Amino acid sequence: MDTLDTRTVNAWCMYDWANSAYVLTVATAVLPAYFAGGIVPAQGWHLLGMQVNATSLWGYAVSLSALLVFAAAPVLGAMADTSGRKKSFLTLFCLTGAACALGLGLSGPGDVARTLLLFIGAQMCFACANVFYDAFLPEIALKKDWDRISARGFAYGYLGGGLQFCLSLALIALHDRFGLGQGEAATLSMAMAAVWWAVFSLVSLRGLPADPPTPSRLRPSLAEQTRQGLSQAGSTLRLLAKGGPASLFLLAFLLYNDGIQTTIAMATIYGKEELGLPTTVLMLTLLIIQFVAFGGAHIFARLAAATSAKTALVVSLAVWTGIVFYAYVIHSATEYFILGGLVGLVLGGSQALSRSLFARLVPPGQTAQYFGYYSVVAKFSAIGGPFLFALVRQLTGSSRDAVLVIAIFFGFGAGILGKVHIKE
């Protein structure tokens with residue numbers, strides 16, 4: 001492409017506006033707190049002959065959803081490339097994920113198994129949809145604009161997710177005035193987020209490039225698409241296994257993103273169980289993160305333009321490491337607010353720059369399958385951290401000890417990233 005189509009770019013960014021409502025309101029804020037305080041009994045839940053507490057159950061669920069994405073995403077990405085149906089796959093997974101999130105709005109006390117299954121389904125669909133969403137970046141933006149457009153997408157997400165979360169927070173805080181119990185307000189806010197995801201996704205999809213027309217007689221069957229997808233995914237995996245910048249970057253991303261995803265997934269439940277903070281403090285902190293991250297994404301995009309994208313990303317990882325050690329020593333609500341501001345500062349930049357850096361390493365015409373592996377690594381990196389956090393928490397009885405484990409992922413990830421050669 002020779003020119004930047006602003007309407008298409010804005011439509012692409014709008015999908016981040018849509019799905020961030022689910023990420024923030026459901027997966028990060030309301031559901032973890034409601035799961036720990038309203039769904040799982042105080043004595044824990046019986047699983048495989050053991051009584052498992054809410055924090056460990058949540059960590060295991062996050063890990064399992066990531067494992068399912070690990071198995072499915074590369075094949076789905078290759079299927080999208082071979083069939084030319086990225087937009088169709090994006091539509092399918094975002095609407096199915098929104099439906100699962102809507103089902104979470106019907107969960108109540110004691111619905112542990114049902115809640116876990118719907119959450120895993122929503123998480124898997126969210127991640128698979130992002131395979132095809134991310135793969136559009138090299139097609140809708142000029143290469144010189146990838147860092148800026150990727151950051152804009154995340155900025156849209158923080159703003160849209162933050163606005164929807166404001167509505168949910170108001171509903172939860174003022175539940176008495178609406179004649180609702182706190183649990184009812186929590187479930188209604190999750191249903192609202194699911195509807196937000198679906199409605200604004202449809203707005204986004206209308207502006208994205210259509211799938212290329214294929215005569216029905218030439219269109220491969222689902223079985224043939226699956227076979228081709230498996231074959232292409234295997235070929236790409238063999239290519240990545242030979243080494244090179246893309247492979248080294250994915251290894252670095254695997255490690256440092258594990259630290260990021262663990263921090264995001266466990267922050268709310270850490271504040272609830274370990275620090276004993278009220279729900280309003282947890283919700284306000286997440287709101288702070290959203291709006292600080294909106295500016296943080298742009299700050300790191302400018303830093304990347306002034307230095308390089310890799311340098312800016314390494315700086316963000318250094319800040320992430322400091323955040324982990326600060327989280328270990330905090331006790332008060334004020335300190336938790338400060339922690340949220342620091343997370344917001346680096347969250348958008350580290351995520352946006354990771355996506356645009358990887359886009360530089362993707363061969364033309366293979367965006368979906370390569371971003372399939374990117375998504376696999378993104379979700380696979382969410383297996384080890386939460387699982388290790390949950391395991392250390394269960395063995396030691398302290399989430400503080402578990403927090404320190406996260407610093408290891410940032411340190412090794414930054415070290416390997418420094419060895420990746422990327423043409424800026």
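**Ground rules.** I number residues from 1 along each chain as its sequence is written, and side-chain values rest on heavy atoms, with hydrogens and water left out. Because the model is predicted, local features need pLDDT of at least 70 and side-chain atom pairs count only at pLDDT 80 or more, while totals for chains, interfaces and linings use all residues.

**Entry 1, the whole chain.** I began with the secondary structure and found 14 helices and two strands in the chain. Helices here are DSSP runs of H or I with at least four residues, strands are runs of E with at least two, and both are numbered from the N terminus. I then looked up burial: of the 424 residues, 58% are buried. Buried means under 20% relative accessible area, exposed means over 50%, and partly exposed lies in between (1.4 Å probe, protein chains only). The accessible surface comes to about 16,600 Å², and carbon and sulfur atoms hold 67% of it; the areas come from the Shrake-Rupley method with a 1.4 Å probe, and for residues only the protein chains shown count as cover. Of the contacts (heavy atoms within 4.5 Å) between residues at least 6 apart in sequence, 83% join residues at least 24 apart.

**Entry 2, helix 3 and helix 4.** Two packed helices are described by the angle between their axes and the distance between the axes. For helix 3 (residues 86-104) and helix 4 (residues 112-135), the axes come within 8 Å and cross at roughly 155°. That makes helix 3 roughly antiparallel to helix 4. I noted that axes are lines fitted to C-alpha atoms, for helices over the stretch in contact, with angles from 0 to 180 degrees between N-to-C directions. Angles under 35 degrees count as roughly parallel, over 145 as roughly antiparallel, 65 to 115 as roughly perpendicular and the rest as oblique. The crossing is left-handed, a term for a near helix turned anticlockwise from the far one by less than a right angle.

Next I checked helix 9 (residues 245-273) against helix 12 (residues 333-359): they pack at about 155° with axes 11 Å apart. The two are therefore roughly antiparallel. Among the residues making the contact are Phe249, Phe253 and Tyr256 of helix 9 and Tyr336, Leu347 and Phe358 of helix 12. Helix 9 passes helix 12 in a left-handed crossing.

I found Ser150 in helix 6 (residues 146-173), buried at a relative accessible area of 0%. Its side chain makes a polar contact with the side chain of Arg355 at 2.9 Å. Such a contact is a pair of N or O atoms within 3.5 Å; within protein, one must be able to donate a hydrogen and the other to accept it, and residues adjacent in sequence count only if both atoms are side-chain atoms. Beyond four places in sequence, Ser150 touches Trp12, Leu137, Ala352, Arg355 and Ser356.

Asp145 sits in the loop between helix 5 (137-140) and helix 6. Asp145 is buried at 7%, and its side chain makes a polar contact with that of Lys144 (3.5 Å).

Pro74 belongs to helix 2 (residues 54-83) and is buried, at 7%. I looked up its spacing to Tyr374: 300 residues in sequence, 8.5 Å C-alpha to C-alpha. Ala113, in helix 4, is partly exposed at 38%.
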